[in-house]
Amino acid sequence: MGRTHAALSGLACAFAVLATPAYAITAIDPLTRQPLYSTDESLEAQAAPVPRQVVSFNGRYAPGTIVVSTSERRLYYVLGNGQAIQYGVGVGRPGFTWSGSHSITMKREWPDWRPPAAMLKRRPDLPRYMEGGPDNPLGARALYIGSTIYRIHGSNEPETIGEAVSSGCIRMTNEDVIDLYNRAKVGSRVIVQR
């Protein structure tokens, strides 16, 4: 699959730090190490509806735990010492919400996508398989949650972050999911709360 300029317009920066303003980030494809955007497009593409930030966090979870609040539409990566990194997320739409405690069982960069059977039954028009890449709905990274069909993954629709629109997966901007992917380990605990 070719990586055209138009196809890459939904990706965000691969190497961001928490305190760096969006206008100072250079958008780089993590595989090719090439710029994704012109300067003007880079500023527009990296605008996230919910900024990633370190926040106070009073939950009693070990560092490295991922806590998703579907009602807040936020994901917290617990740092310890009363702090967590807060990310904006898209969550399951009505009828597709869930909660539970699992762990990350697998991580993938630019994952392929095979829609689950239940999704294909609802949407027979979907492809049966989609190669990983900028047009793939799983985005730049995916963290697979336990034995569920759900993932924490990037999105080629960053405008859905902060909304309840998915079939149960936790969506993040590509920039944010790359940051989380680099922090979280296979085996990390994931707690999804309503």
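Leaving aside neighbours within four places in sequence, which residues is Leu180 in contact with? In this predicted model, the residues that Leu180 touches under that condition are Ile66, Leu75, Tyr77, Tyr87, Leu143, Ile152 and Met172.

## The nonpolar cores

Leu180 belongs to the largest nonpolar core, which has 26 residues, and is listed with Ile66, Leu75, Leu143, Ile152 and Met172 among those with the most contacts inside this core. At least two residues of the core are supplied by each of E2, E3, E4, E7, H3 and strand E11 (189-193), and the largest share, four residues, comes from H3. Another core, of seven residues, lies apart from this one, and its members include Leu120, Leu138, Ala142 and Tyr144.

Helix H3 spans residues 174-183 and is mostly covered, with eight of its ten residues buried. The buried positions are Asn174, Glu175, Asp176, Val177, Ile178, Asp179, Leu180 and Tyr181, a list that holds Asn, Glu and Asp residues as well as Val, Ile and Leu.

Nine strands form an open sheet with mixed pairing, in the order E1-E4-E3-E2-E11-E6-E7-E8-E10. Strand E1 (53-56) and strand E10 (170-171) stand at the edges, and each has a single partner strand, so one side of each is left without a neighbour in the sheet. H3 packs on this sheet, where it touches E2, E3, E4, E6, E7 and E8, and the direction of the helix makes about 55 degrees with that of E7.

Within the sheet, E3 and E4 pair in the antiparallel sense over six bridges, and Gly80 has Gln83, in E4, as its bridge partner.

## Aromatic pairs

The structure holds three aromatic pairs. In one of them, the rings of Phe57 and Tyr61 have centres 6.3 Å apart and planes at 35 degrees, so the pair is tilted. Phe57 counts as buried at 14% relative accessibility, whereas Tyr61, at 25%, counts as partly exposed.

Phe57 also forms a tilted pair with Tyr76, at 5.2 Å centre to centre and with 35 degrees between the planes. This pair links distant parts of the chain, since Phe57 lies in the loop between E1 and E2 while Tyr76 lies in strand E3, 19 residues apart. Tyr76 is buried, with a relative accessible area of 8%, and Phe57, Tyr61 and Tyr76 form one aromatic cluster.

How values were computed:
Residues numbered from 1 in each chain as written. Predicted model: local features only at pLDDT ≥ 70, side-chain atom pairs only at ≥ 80, totals over all residues. Heavy atoms only, no water. Buried < 20%, exposed > 50% of the residue type's maximum accessible area, 1.4 Å probe, protein only. Pairing = 2+ DSSP bridges. Contact = heavy atoms within 4.5 Å. Axes fitted to C-alpha atoms, helices over the stretch in contact; angles between N-to-C directions. Core = buried A, V, L, I, M, F, W, Y, C linked by side-chain atoms within 4.5 Å. Phe/Tyr/Trp six-rings, centres within 6.5 Å; stacked < 30°, edge-to-face > 60°.
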